[in-house]
Amino acid sequence: MTRYLARKSFLYLLTFFFAVTIDWAIPRLMPGDPIDGLIARIQADSTASQELKGYVTESFGLDQPRWRQYLNFWRGLLHGDLGPSIAYVGSTVSELIWAAVPYTLALLVPAIVLSYIAGNRVGAMAARRKVLDNTALPVAYVLTATPYMWLALVLAYFLAFKWGLFPVSGAYDFSLQPSWTWEFTRSFLSHWFLPFLTLFLVSFGGWAIGMRNLIIYELESEYANYLQALGAPTKLVRKYAYNNAVLPQMSGLALALGAVVGGALVTEIVFGYPGIGTLIITALQNRDYFLMQGLFLLIIIGVLIANFIVDIAYVIVDPRTRAGIQGS
Amino acid sequence: MSTLEPKADLVATPELALTGDGAGKTDLGAPRGKRFETLHFAFHNTKLVIGLTVVLFFLVLAIVGPLFTDADPFEFGYPLGVPPSTEYWLGTTSSGQDVYAQFVYGLRSSFVVGAIAALVAGAIGMSIGFVGGYFGGVIDEVLSMLTNIVLVIPTLAVLIIVAAYLEVGSLWSEALLIGLTSWPWAARAIRAQTFSLAARDFVNLARLSGRGTTRVIVNEIAPNMSSYLFLTLILLFGGSVLTAATLDFLGLGPSQVMSLGLMMNTAVSNAALQLGLWWWFIPPGIAITGIVGGLYVMNVGLDEVFNPKLRNT
């Protein structure tokens, strides 16, 4: 078990190192000077732009040799210093990110967990059951092929604008202050529901298809046939099949994380939900490079941590990794 | 897997005879019979037929659709926010652009980007998968490590940061970017297949007879997993269409080329939701869902056609 987790941790550390290097290198490798471009865009007068340039050059540490810039980048990162924001003057990137992360997590965590559970259940039920299979499977294929932002647009248009069942944008009513009151909670939940539903539905389709195929595969295997030949009830055979099918689904969960995070970003943009996605679009529109780089790192770190959690869960579920039988 | 396919038992015998006979004797008759058999299953596979029909419908629309309109997708000057009518088939935008023109040109972009990105990703995935799976050892370890690293990094995050600095100007560069980031799972899958094929007797024989590595891979290994490679390309295509739409939606695609994602982007930023201009943002999403969903369903159908084991279940 320790060997398995150690291997994984090594891979994640290496990935993190790789990602930080990319994050550092991209602005420096790209054609054109991002700082000049930035200053041209801000269109300040000449003295102010000189000052700004000096300030940005210093923040980037561009007057130092490359290797020192790289080390400085790491040092800043390890101290949680991601630089100042250009779009939100006066705020640091870390402050902005910490303010946005809870909202994104509030969407992502329930959506991932619930869609995984529900998708697996429905997929397992649909396998080898004609009527359910012929109705649930096409729906699942449509859902998994739907672009997140489009489903968000459709839900927002019909449920919020047309029928007025849900509020349109934001995370809570503007007249309210975040607090633990009943009124605020209700407002928060009604704003939260549609973006959550978008993420839930698209991911749900993928899990249902995956589970259905895995269950069919398991039901064809020797042990399932043997159990059936012994006269074991179908329910029991299906239960064993489910237990075995959960394992590849869990590996799939780790791989799907990146896609769901991407989905959350565009969904937030459609609903104006104040999470990471909305921050990214502001960063892009204002050419706030510090913010962009900080968000990039945040997403990478988040996905790596989530991967690690899935790995630990895998160890708990699969006795083979615990006993060290399986080297993967 | 589906319930509507014919029983495979009827044709199980000719297939057995074919494989048992080897390639030498029945060279004239066998491939013909086999091809007919595959076609037979292809046309009787509901999933394949449905998926292919949907994808072909949009492909044909992308090819001939622009011929039915004189409008330029970026051209202004049409009535503002008109719903679909006989004159404006899909209505107009709030700033007076023809939605039909945007839609059909956007479809073209989707197919172009999807195809190029799939080929780029396929080429990288195959190279890494073949080399890693064939040679094994340290080379495989290094390539697997690289694959796993790129696999864990969320593609969209990388694309956002690269596209933000690079200012993607054409469909080609967008497709290239997507292709360069979407290959890892393909590489992993192809590596696993190659690994098992590389240990087979016919591969050993080819190696013993002194053939070069490239020839062994190209002539012995690749043809034996050609259907698998084809399925991989289809999935890469579908994934690339989705990724491109997301990038375009974020405004990171080429701004001079109309795309389905860009339609949704401008619809959102010009308050199409608030104004109730549903014809502006509904069609592009239906097309993407149709193309990608069609490809996925087609993929399952093809899998059943290529793989006899899946047929009669």
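**Exercises on helix packing and the chain contact**

H7(A) passes H14(B) in a left-handed crossing, a crossing being left-handed if the near helix is turned anticlockwise from the far one by less than a right angle, and right-handed if clockwise. The model is predicted: local features need pLDDT of at least 70, side-chain atom pairs count only at pLDDT 80 or more, and totals for chains, interfaces and linings use all residues. Residues are numbered from 1 along each chain as its sequence is written, while chains are lettered from A and ligands numbered from 1 in the order in which they are written.

**Exercise 1.** State at what angle H7 of chain A and H14 of chain B pack, and explain why H7(A) is oblique to H14(B).

*Solution.* Step 1: helix H7 (residues 148-162) of chain A and helix H14 (residues 278-306) of chain B pack at about 140°, with axes 10 Å apart. Helices (H or I, at least four residues) and strands (E, at least two) are DSSP runs, numbered from the N terminus. Axes are lines fitted to C-alpha atoms, for helices over the stretch in contact, and angles run from 0 to 180 degrees between N-to-C directions.

Step 2: that angle makes H7(A) oblique to H14(B), because angles under 35 degrees count as roughly parallel, over 145 as roughly antiparallel, 65 to 115 as roughly perpendicular and the rest as oblique.

**Exercise 2.** Determine how many residues each chain gives to the contact.

*Solution.* Chain A gives 42 residues and chain B gives 37, where two residues are in contact if their C-beta atoms, placed from the backbone, lie within 7 Å. Among the elements of chain B that each supply at least two residues to the side touching chain A are helix H11 (226-249) and H14.
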